[in-house]
Structures are given as structure tokens and as C-alpha cells.
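I opened the model to look up how one chain is built and how its neighbours pack. My entries follow in the order of the look-ups.

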Amino acid sequence: MLSFKRWLERVLLVLMATMLIAMVCLMLWQVTTRYLLGVPALYTEETLRFLMIWMALTGAAYCFGTNRHLALDLIPSLLPEKAGRVLYLINSVVVLVFAGFVLLLGGWKASLSALTQMSPIMQIPMGYAYSILPISAVIIFILQILNVFLIMTGRLRLPYAKSGAGEL
Amino acid sequence: DVRMRLANALSKDHPSSVVLQQFADEVREKTDGEVSIRLFVNGVLGSEREVLEQLQNGAVDITRVSAASLENFDPVFRVFSLPYIFEDEDDFYEKMRGPVASTVYQATKDDGFQGLTFFDSGARSFYTISKPIETPQDLQGLKLRVINSNTSIRMVELMGGTPTPLPYGEVYTALQSGVIDGAENNPTALTIGRHGEVAKYYSLDQHQRIPDFLVISNRAMEKMTGEQQEIVREAAVHATEAYRGLWDEAVRKALADAREMGVEVNRPDKEPFRRAVQPLIDEYRRDDTVGPLLEQIVSD
Amino acid sequence: MADPLNAAFVLFGIFFLLLFMGSPIAVAIVSSSLLVGIAYLPPETALFISTQKMFSGLDSFTLLAIPFFILAGDIMNKGGIAIRLIDLARLVGGRLPGSLAHTNVIANMLFGAISGSSIAAAAAVGGTMGPLQRKEGYAPDYAAAVNIASAPTGILIPPSGPLILFSLVSGGTSISALFIAGYIPGMLMGLTVMIVAGIIARKRGYRSSVRSTPGEALQIVLRALPALGMIVVIIGGIVIGVFTATEAAAVAVLYALILSLAYRMTTPREYLRIFCRSAILTASILFLIASSGVMSYVMTIAGIPDMIADTILQFDNLIVVFLIMNLCLLVIGFFIDLTPAVLIFTPIFLPIAQQMGMDPVQFGIMLIFNLGVGSMTPPVGSVLFVGCSIAGLRIDQVVKPILPFFFALVIALLMVTYIPWLSLGLPRLFGLM
Ligand code: NA
Ligand code: NA
């Protein structure tokens with residue numbers, strides 16, 4: 001189970017890094033086509049925006065799995081192990097409710113209702129762009145539930161840093 | 001009681017915000033306070049695209065948006081982005097008050113909203129940093145910022161310029177540093193958007209006159225009685241009438257202010273520009289969704 | 001809950017509860033906003049808004065500068081560029097008492113002049129300077145405090161991610177004008193930290209041991225030139241119109257990549273790590289940005305910004321209004337990190353400032369200066385977090401050493417607030433406004 005989690009996280013990380021590299025290349029291509037070739041590429045602006053959205057939400061899922069989201073863990077880190085686990089459970093429920101409603105349900109509906117709305121330049125249905133919301137929600141669900149299970153069974157340590165310094 | 005939210009992306013003192021407040025007041029008065037409308041200006045609720053989605057989902061009830069934003073929701077609105085379909089301002093008002101408008105007001109009913117009225121957003125013309133535009137040949141090799149719309153991109157291409165999509169917020173600096181050679185907009189971009197500080201030539205080729213529309217969601221419409229709906233429709237038409245005077249004054253003032261900023265204004269012969277974009281018009285005439293409406297506008 | 005005051009209490013009450021429970025800040029923001037949103041909108045609609053705002057918060061071209069500046073900063077850090085700048089800084093700050101502390105400040109300013117992120121600066125410079133200072137007998141908490149207090153100079157000295165963000169939220173304030181406006185306040189911030197650091201160093205008897213011969217000095221300058229060339233390429237490229245301020249960030253990545261390849265200080269494996277690390281940091285920041293749009297929407301619907309504006313404007317005195325505004329922002333800065341604070345509070349405070357006659361450019365600089373100070377104060381502060389983790393210290397260990405810097409920086413902040421020339425002098429000189 002732990003190995004599945006690690007594998008999934010690695011896949012996400014590779015995807016994120018690839019998208020980031022692609023973004024750099026596309027942006028440089030945009031400058032090149034306009035300044036050096038004199039014929040600005042028309043599709044780069046929209047593609048770059050959509051890539052960034054996809055990268056951010058893929059990465060958001062990764063950060064839920066690896067507890068990399070910016071958080072204030074000063075108080076949780078002061079708690080004894082048992083109380084800490086209970087708090088972790090409560091926080092996980094909040095995350096699941098958030099992901100379930102805002103990203104999964106809301107994202108699913110937004111994707112469907114935006115299927116007929118076209119992006120201005122490439123004429124891609126906006127619903128495709130929105131679809132990363134429910135996709136990332138599903139991954140968040142998998143990773144968060146795995147985390148809860150692994151922490152409750154003691155196979156993973158609580159994420160609240162004892163040093164009090166957020167990991168970045 | 002019906003309480004509605006009205007969103008406008010423009011600032012509080014823009015003529016559209018002024019008349020929309022009058023519109024809200026008139027509706028409140030004539031319905032004895034039963035229908036109250038709260039106006040949100042400055043785009044605080046989101047971009048035009050977002051607000052249209054909010055309209056579909058019931059967060060916002062009424063909004064003023066450009067036809068350019070509407071064309072991503074319903075392709076029929078593309079017709080308004082086409083260049084030179086209106087002769088001048090009088091022609092624009094005449095055609096928009098006729099059957100053309102009522103056709104498009106109903107066109108988006110399936111998308112969850114319908115049109116109430118239209119507003120003129122002025123004629124769009126080119127402004128450049130280094131030289132006035134007299135003929136389409138002058139556009140050759142110039143990088144011109146266009147709005148995110150395929151019609152506008154094709155138009156600039158046909159006229160001989162190089163369309164360069166850029167977010168509006170970057171236009172000022174892009175003009176200043178020479179990333180682009182020019183842009184196109186109505187004269188308020190030169191003054192309120194301060195582009196006139198860097199672009200010193202405004203050439204009134206007046207290629208597009210893209211209207212704004214006031215649209216209301218079907219849900220909001222259904223919340224009202226027939227009588228109230230009629231009051232809202234009437235108040236919207238009054239808003240358009242009140243707007244014309246304010247807007248014309250604003251355009252006149254913008255042109256005067258632009259001259260004051262040192263912008264040279266010239267009036268090129270429109271005919272060569274019109275001929276250059278004729279293939280685009282012909283192409284859209286053959287289009288199934290836009291064709292009949294275009295025919296209606298051009299033949300009048 | 002029609003009363004905006006009630007709405008504000010509920011909104012911030014739930015937000016801080018979740019925050020102190022250790023919920024991710026983004027989740028705390030969206031959850032509290034959604035709950036308050038339901039009081040004003042049908043539940044389904046409130047949900048739709050939350051989703052849409054999260055999406056559209058990311059749907060911005062200008063925002064792309066942020067991932068790129070983070071990436072460029074990390075490449076410079078690991079690729080041997082930062083260390084050359086630090087050597088240069090040691091040369092400049094070498095003779096003052098507590099010279100390594102001054103070196104740290106100058107290095108942060110130099111690093112800031114080519115990178116757009118204070119987090120990258122805190123990590124890059126602190127990672128190198130910390131051990132050096134420890135070796136010379138400086139207290140580790142003092143060294144960390146100096147690093148943390150001076151890292152935000154990089155977000156005032158251009159290029160700057162937060163200034164780009166401000167331009168975006170304020171509805172298109174000129175990025176060029178903001179960039180040029182940031183130089184003097186950024187240097188003022190650095191100078192303030194150096195004065196305090198110098199006083200403390202003198203008291204504790206920290207001295208300098210670095211002496212360079214003219215030959216060594218020349219060599220250090222020459223070695224740093226390519227890194228300094230980045231300033232010329234980035235600012236020059238924007239000024240002569242090769243690329244826009246947003247595109248410049250990608251060019252910075254390319255430049256840093258080429259330099260670091262030339263220096264051969266990094267293995268292919270390390271490059272992979274850099275890309276992964278930047279992607280993670282970017283994602284967590286972008287997710288936070290996405291979430292803050294939900295909160296500002298709900299606040300608008302609930303009429304909270306209007307309420308705050310009315311309350312503050314009651315005073316009708318320029319000095320008092322700006323004092324209150326800064327106090328509010330400093331308190332906000334304790335709890336909310338720079339990025340979400342810029343996103344949430346710009347729409348509230350900018351109209352007030354403009355009404356009181358402040359130019360949006362000066363307001364942007366004041367806001368970023370203020371929230372930059374906020375990013376180094378506990379309990380929430382990204383620079384504080386990074387500075388502590390790079391120094392291996394707990395947050396509570398650096399609170400006391402940071403205090404003198406905090407108070408000195410507040411004085412500098414008030415100067416930036418009440419002396420418009422500090423921000424507007426340079427952009428006016430260059431005809432940018
Ligand atoms: Na900087
Ligand atoms: Na803080």
C-alpha cells in the first residue's frame with residue numbers, strides 16, 4: 001500500500017515536472033516566434049494558461065499526498081501522538097469534504113456545463129480544461145485515504161513537523 | 001420580493017455603470033420596491049467569461065458583456081465581431097433596434113440567459129507608436145495586439161498586419177517597450193487605459209463596432225411576474241437611450257483628451273480596409289449559424 | 001447573516017479555527033468561504049462559485065511569471081550562480097563589523113535583483129551564509145534572523161513575483177513602473193536590516209575576518225559578472241521590447257540554465273531534482289492563489305470590503321487612514337502569507353488609498369513592503385519557514401532575534417508610506433508614469 005502511494009506520487013511528480021519544462025519551452029517559443037521570426041505563435045498564450053492550470057492541480061494532488069501544502073502546524077506539533085492522530089483524522093475529513101464538494105462535484109458540473117463553451121483561440125471546449133478539477137479530486141481522495149490508513153496503523157509518521165519549520 | 005445582482009466589468013464612473021444604476025433605480029421605483037437590483041462594478045465578481053458562467057448558475061442575474069465574450073457561449077454572436085458590417089453610428093443604432101437584435105436576444109435561451117438590450121461600445125480603430133495608418137499597406141509588418149477572438153485575428157491578418165494576442169494589462173508596457181507596434185480599440189483605451197502616453201497615432205479606420213449586451217438569466221426572468229418582466233425590459237431600453245448621449249460625450253472627450261496627450265488623430269479612407277476584409281465577410285456568409293443573421297445586417 | 005460584520009466574524013472565525021488546527025491554508029480559505037457563501041447564495045450556486053473561482057484564479061497569463069521565477073531561483077541556487085554573488089557580496093560588506101551579516105543582506109539584495117522570489121533568496125543565500133557565520137562564531141539565531149529579515153528585499157528589487165501579482169489584482173498597474181519603483185524601497189529595506197545587524201554585531205563583538213588582495217577582488221568581480229549580466233538581460237530585454245515582464249521570467253530560466261551548465265556544478269540528476277522541487281513549490285503556491293479568489297468573492301458578496309472601507313474612511317485624515325491601513329496589514333501579515341494577502345486585500349485597500357490620493361504604484365510598493373515584513377513574522381510566513389528550515393531552527397527560536405529587525409522595518413515602512421518620492425521618484429524620472 002505504501003509502495004502504491006509512493007508510485008502514484010512519483011507518477012504525479014514526473015507529470016508536474018514535465019509540464020513545467022513544457023511551459024518554459026512554450027514561453028521561450030512565444031518570444032522566439034514574435035521577436036526573431038516576426039510571426040507570433042497564436043496558440044502559445046492559451047496553451048500556456050491551460051498547462052499551468054493542469055500543472056497546479058496535478059501538483060495540488062501531489063501536495064496533499066506528501067503533506068506539502070502550506071499549513072500552520074505549530075499547535076498540532078505540540079500535541080501528544082494520540083491526540084495528533086485524532087486531529088489528523090479531523091483534518092483529513094475536512095480535506096475530503098473540500099475535495100469532494102468543490103473539486104469533484106463542483107468540478108464535474110463545471111466541466112459538463114462548459115462543454116459547449118469554446119476557448120477563444122484554439123476552440124477547445126472549456127469543459128476539457130475544467131476536467132482537471134474532478135481528476136485531481138479523485139487522486140486527492142486516493143492519497144488522503146491512504147495517508148489516513150497508513151498513519152492510523154503507524155506505518156507513516158504524523159506530518160506535523162516537531163521542528164515547527166514547514167518543509168518546502 | 002425579487003433581489004437581483006447585476007455585474008459590470010467596467011468602472012463606477014463609466015457611462016455603462018451610470019446608466020445601469022439608473023436602470024436599477026427605475027426598476028425598483030416602478031415595481032414599488034418589489035424588484036431590487038444591486039450593482040457590482042469594476043469586475044469585482046469576475047471577468048466577463050466568469051460572470052456569464054455565474055449567470056448560467058444563478059450567482060449573478062444580469063450582466064453587461066461584450067458580444068466578443070458571448071461568442072464563446074453562442075457562435076451566433078461572432079457576427080458582431082465582423083469588420084465593417086455597420087456603416088456608422090446611426091446605422092448601428094438603426095440595425096440594432098430592428099429584428100437583428102431580437103433574433104440574438106432569443107438565441108442564447110438554451111444557454112440559460114437572454115438579451116435585454118444593447119449598448120454601443122464605440123468604433124475600434126488602430127493606434128500605433130511610430131506612424132499613422134493611412135492604408136492597409138501601412139499595417140504591413142506591424143505587430144498589432146488584438147483581443148482573443150479568431151475573427152479579430154483573421155481581420156488583422158487580411159489587412160496585412162501581424163496579430164499578436166496579449167492580455168490587456170500588458171498592452172501599455174508592450175507598446176512602451178516595442179514588444180508590439182500598435183493595438184486597436186475605442187478611444188477610451190488611449191485615455192483611461194493611458195495607452196495614448198506611448199501610442200502617438202490614432203487612425204480612425206473604425207473597423208469594428210462590437211456591441212455590448214445586457215443579458216439576464218432565464219431563472220431571474222422566471223422569478224418575476226409578467227408585469228415586472230415588462231418593466232425590466234422597458235427600463236433596459238431606457239438605459240440604452242440614456243447611454244447613447246453619455247457615451248458619445250465620453251468618446252468626444254476621449255478624443256479631445258488624446259489630442260491633448262499629444263496623440264495625432266487621422267481619418268484614413270475606409271474603402272481599402274473594407275475591401276481587404278471582404279473575404280472574411282464572404283466566408284461568414286456561407287456559415288450556417290452566422291450567415292442568415294449577417295445577410296440580414298448587411299442587406300438592410 | 002446579512003450584516004457584513006457578522007459575516008466577517010464567521011468567515012475569519014472558521015478560517016482561523018481551521019488554520020490553527022493545521023489544515024492546509026488553501027483548504028481553510030475555501031471551506032470557510034464556502035460556508036459563509038451558503039448564507040448568501042443557494043448551496044449549489046455557492047459551490048459552483050467556489051469551483052469556478054479556483055479555476056479562474058489560475059487562468060491568468062501573468063501568473064506564469066511565478067513558476068518561472070521560482071525555477072530560475074532554484075537553478076541559480078544550485079547551479080553555482082548564487083555562490084558567485086555571495087562572494088561578491090563578501091567583497092562589498094567585508095570590512096564592516098559583523099561583516100558576514102552585511103554580506104548576507106547584500107547577497108540577498110543581489111540575488112533579489114535577478115530573481116523574483118524572496119523564498120528562493122532565503123534558501124539560496126541562507127544555505128550558504130548560515131554555515132559560514134556559524135564558523136565565525138555568530139549566533140545561529142542571529143544569522144537566521146538577518147537572512148530572514150533581508151530576504152524580502154528581493155520582492156521589492158525587480159524582477160518581482162509579488163509585484164506582478166499586485167499588477168494583476170489591481171487591474172493592470174504598469175509592471176514596468178512598479179519594477180522601477182521598487183529599487184529605492186528595496187534598498188531602504190536592506191539598509192535598515194544592515195543598520196540593525198551592525199549595531200547588534202558591534203555589541204556582541206562580531207568582527208570581520210575576510211580580507212582580499214586587489215587581485216582576488218578583481219577575480220571575484222570577474223567571476224560574478226555573468227551572474228550580474230542576468231540583470232542586464234532581464235531588465236534590458238523588457239526595456240527594449242524583446243520580451244514582456246512575464247516572458248522575462250522564462251528567459252531568466254534559460255539564462256540561469258546556460259550559466260549553470262557552463263559552471264558544471266550540477267549533475268543531470270540534480271537538474272531533475274530542481275525541476276521537481278520547483279514544480280512542487282509552484283503547485284502549492286498556485287493552489288493557494290486559486291483558493292484566495294473564493295474568499296474575495298464571498299467577501300464582496302457579503303459587503304465586507306465596503307464595510308472596512310467605510311470604517312477606515314471615517315477618519316478622513318490621510319495620516320491616520322494610512323496608519324490604520326498599515327496596522328491592519330501588519331496584523332494580517334502575522335497570520336496570512338504574502339501571496340493570499342495580496343490577492344485578498346488589494347481589492348479592499350486599493351480603492352481607499354486611491355480615494356486618499358495615493359498613486360496605485362506607491363500603494364503596490366507599500367503593500368508588498370508591508371506584507372514582505374509579514375512574511376518574516378510568526379506564526380505564518382513563507383520566508384520565516386524557509387529561513388528556519390534552512391538554518392535548522394524552530395520558529396520560536398528566531399522570534400526574539402527577529403524583533404529588533406521587525407521594529408526597524410516598520411519605521412522604514414512608514415517612510416515608504418508617507419514619503420511618496422521613495423516609490424515614485426524613479427518611475428517619474430524615467431517617464432513611466
Ligand atoms: Na527581485
Ligand atoms: Na507572518
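I take helices (H or I, at least four residues) and strands (E, at least two) as DSSP runs, numbered from the N terminus. On that basis the elements of chain A run α-α-α-α-α-α from the N terminus on, which I count as 6 helices and 0 strands.

I note that this is a predicted model, where local features need pLDDT of at least 70, side-chain atom pairs count only at pLDDT 80 or more, and totals for chains, interfaces and linings use all residues. Residues are numbered from 1 along each chain as its sequence is written, chains are lettered from A and ligands numbered from 1 in the order written, and side-chain values use heavy atoms, with hydrogens and water left out.

**Chain A.** I looked up its extent. The C-alpha atoms of chain A fill a box of roughly 65 × 35 × 30 Å along the principal axes. Its radius of gyration is 19 Å, whereas a compact globule of 168 residues would have one near 15 Å (taken over C-alpha atoms; the globule rule is 2.2 Å times the number of residues to the power 0.38). The unreviewed UniProt entry places "transmembrane region" at residues 12-32, 47-65, 86-108 and 128-152 of chain A; such annotations may be inferred rather than shown by experiment. I checked two of these spans. Residues 12-32 of chain A are 100% helix, with end C-alpha atoms 30 Å apart. Residues 86-108 of chain A are also 100% helix, and their end C-alpha atoms lie 31 Å apart.

**Chain C with chain A.** Contact (heavy atoms within 4.5 Å) takes 60 residues from chain C and 59 from chain A. The buried area (accessible area, 1.4 Å probe, lost on being put together, summed over both parts) is about 5300 Å², with carbon and sulfur atoms giving 81%. Phe55(C), Ile280(C) and Phe287(C) lose the most area on the chain C side, together 13% of what that side buries. I find 3 salt bridges between these chains (a side-chain nitrogen of Lys or Arg within 4 Å of a carboxyl oxygen of Asp or Glu). One of them joins Glu44(C) and Lys109(A), at 3.7 Å from N to O.

**Chain C with chain B.** Here 30 residues of chain C are in contact with 24 of chain B. The buried area is about 2000 Å², and carbon and sulfur atoms give 51% of that. The rule finds 2 salt bridges across this interface. Asp59(C) pairs with Arg49(B) in a salt bridge, the closest N and O atoms being 3.9 Å apart.

Notes
Buried area is the accessible area (1.4 Å probe) that two parts lose on being put together, summed over both.
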